[in-house]
Amino acid sequence: MSHSLHTTESTTDVTTDENTSGQPSRESKMNTRNEQLHAYLDQECSLQGLQNVGTDHSCELEELRSLNQWVQTKFASISAPHEPNAYTAFQQLEARLPSRSSLHEQTSHIPSLFSGWFKWMHWSLATVAVALCIIWFIPQNQEHPSLLLTPQKTHVEPRTQPTKRPLFTAKGFPIRMLHAHRHFGSPTLAFTPAQHTRSGVQLYPGDLVQFSYHLEEPLHLMIVSLNNRGEVFPFVPFRGTESIYVKSGKGTLPRNISLKLDQYIGPERFFIIASKEYFRYKELQETLLTQWKRQDKDLIHWPEHTSKWSIVQSILIYKRPKYSSPFKVEPSPKRTVSPNNPLRMQPTPR
Amino acid sequence: MFDFEAFFMCHYKRLYGMLYQMLGNSQEAEDIAQEAFLRFHKHFSSIYPEKRKAWLFRVAVNLGYTTLQTRKRHRNWSQRQVLLAQDAERTPSTVSRMDVREALDTLPVRQAKLLYLYASGLSYEEMAEALGVKVSSISQLLLRAKRAFKQTYGPAQ
């Protein structure tokens with residue numbers, strides 16, 4: 001019944017009422033008579049708007065009024081039996097909200113498009129800040145070591161050529177000189193651990209020296225020293241006059257004892273000389289002195305091969321007067337052998 | 001300064017009432033009302049002040065209708081009996097209630113939403129804003145919805 005009522009009156013009376021501003025009012029846009037009456041019943045249309053629908057509308061009004069009442073009754077039947085507690089609900093909601101302070105945030109009436117833009121702008125600003133941190137801090141703190149060392153590399157030494165080793169030496173294992181400094185001031189004889197003596201090292205009177213070897217084949221060996229005074233002294237064999245025959249294998253020279261340096265101050269060069277044949281100390285001494293005089297008594301720069309013998313290694317040391325020896329040094333003989341107290345040599349890495 | 005608490009106190013009862021009319025379950029109505037207010041709190045700074053109420057009810061009615069559709073999809077006979085029994089504990093006219101809701105469920109979505117919003121007391125402008133239609137067409141749409149509702153309910157009655 002109601003459907004037929006709507007269809008029969010839907011095309012009647014198109015009103016063109018306009019308000020004072022020239023814009024058509026909402027009542028004028030309502031095309032049908034029933035719509036205006038319906039809006040009037042819902043208090044959405046004024047009495048002036050109803051003037052255009054005519055005066056004979058009591059029937060329609062009654063029908064619409066009854067329809068509204070019926071709808072309200074039905075909705076009232078399914079309404080909630082009890083009113084909710086808004087305060088409790090708000091407390092529950094408040095616990096789920098992000099923060100209390102944001103409840104009273106001032107509204108800026110910004111359209112949603114701009115609010116989204118601001119959200120993205122925050123992210124972009126954060127990204128730019130992180131990038132700036134990376135640019136400013138990381139290069140200062142983590143500079144490459146080579147860049148730091150570049151200004152200091154004013155002089156680069158040429159790469160030293162590998163020394164030609166005699167064929168009879170141990171395969172890849174030269175004869176090494178070891179030394180140990182003495183602890184000055186100690187009431188007992190105390191020494192530092194043995195160290196590999198390299199050319200140019202500083203030693204002191206009273207320090208101990210020893211030689212270690214590893215030979216693959218037997219040979220004749222002699223270790224002598226030449227100081228700045230032109231004095232040649234045989235360390236191995238100690239005060240010997242001729243070379244010693246050393247069998248293949250590992251060992252130390254002198255065996256189970258060490259040598260204590262004398263009170264001489266200045267540069268001193270040690271010569272480790274090997275040969276497949278027996279040789280005498282006199283010949284060696286003369287050869288070394290001749291060479292020393294030939295090069296203007298210079299111990300610092302010494303040619304590798306100066307004689308018919310093979311010089312396995314030549315080591316230059318500088319003796320400094322750091323302390324005086326607590327022991328009585330006999331003037332003659334020049335070198336003394338320490339008491340029967342072998343060094344506790346530590347194996348040095350190759 | 002926008003007082004969210006005052007806004008909540010002003011509109012919560014109406015919102016809850018509309019959702020209860022839609023769902024017939026107080027717990028679900030409270031949950032969806034809370035969810036709607038949560039979403040409103042998240043976005044209220046970007047909503048024009050005159051459209052806040054409409055925005056809130058639009059979100060609520062959409063959430064409620066989504067719940068209705070989900071429930072309808074999963075409802076079987078036993079659940080219907082349970083709902084019927086729950087309603088029977090509260091009011092004597094349980095059959096009438098179920099029929100009203102079923103009649104509203106059979107209406108087109110826009111008409112049903114319009115009726116729920118109308119029953120909750122929104123003005124024509126607010127209903128138009130909530131449904132995204134012109135204000136001038138609300139009266140016509142609402143009148144059609146009311147008549148369709150009565151026609152749908154009539155045979156059952």
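Helices were taken as DSSP runs of H or I of at least four residues, and strands as runs of E of at least two, each numbered from the N terminus. The structure is a predicted model, in which local features need pLDDT of at least 70 and side-chain atom pairs count only at pLDDT 80 or more, whereas totals for chains, interfaces and linings use all residues. Residues are numbered from 1 along each chain as its sequence is written, chains are lettered from A and ligands numbered from 1 in the order in which they are written, and side-chain values use heavy atoms, with hydrogens and water left out.

In chain A, helix 5 spans residues 86-96 and includes Ala86(A). This residue is buried, at a relative accessible area of 6%, where buried denotes under 20%, exposed over 50% and partly exposed the range in between, for a 1.4 Å probe and protein chains only. When neighbours within four places in sequence are set aside, Ala86(A) is in contact with Phe8(B), Met9(B) and Tyr12(B), contact being defined as heavy atoms within 4.5 Å.

Chain B comprises eight helices and zero strands, and 54% of its 157 residues are buried. Of the contacts in chain B between residues at least 6 apart in sequence, 64% join residues at least 24 apart. Helix 7 of chain B (residues 124-131) is largely enclosed by the rest of the structure, because six of its eight residues are buried; these are Tyr124(B), Glu126(B), Met127(B), Ala128(B), Ala130(B) and Leu131(B). Just after this helix, Gly132(B) adopts a positive phi of about 75°.
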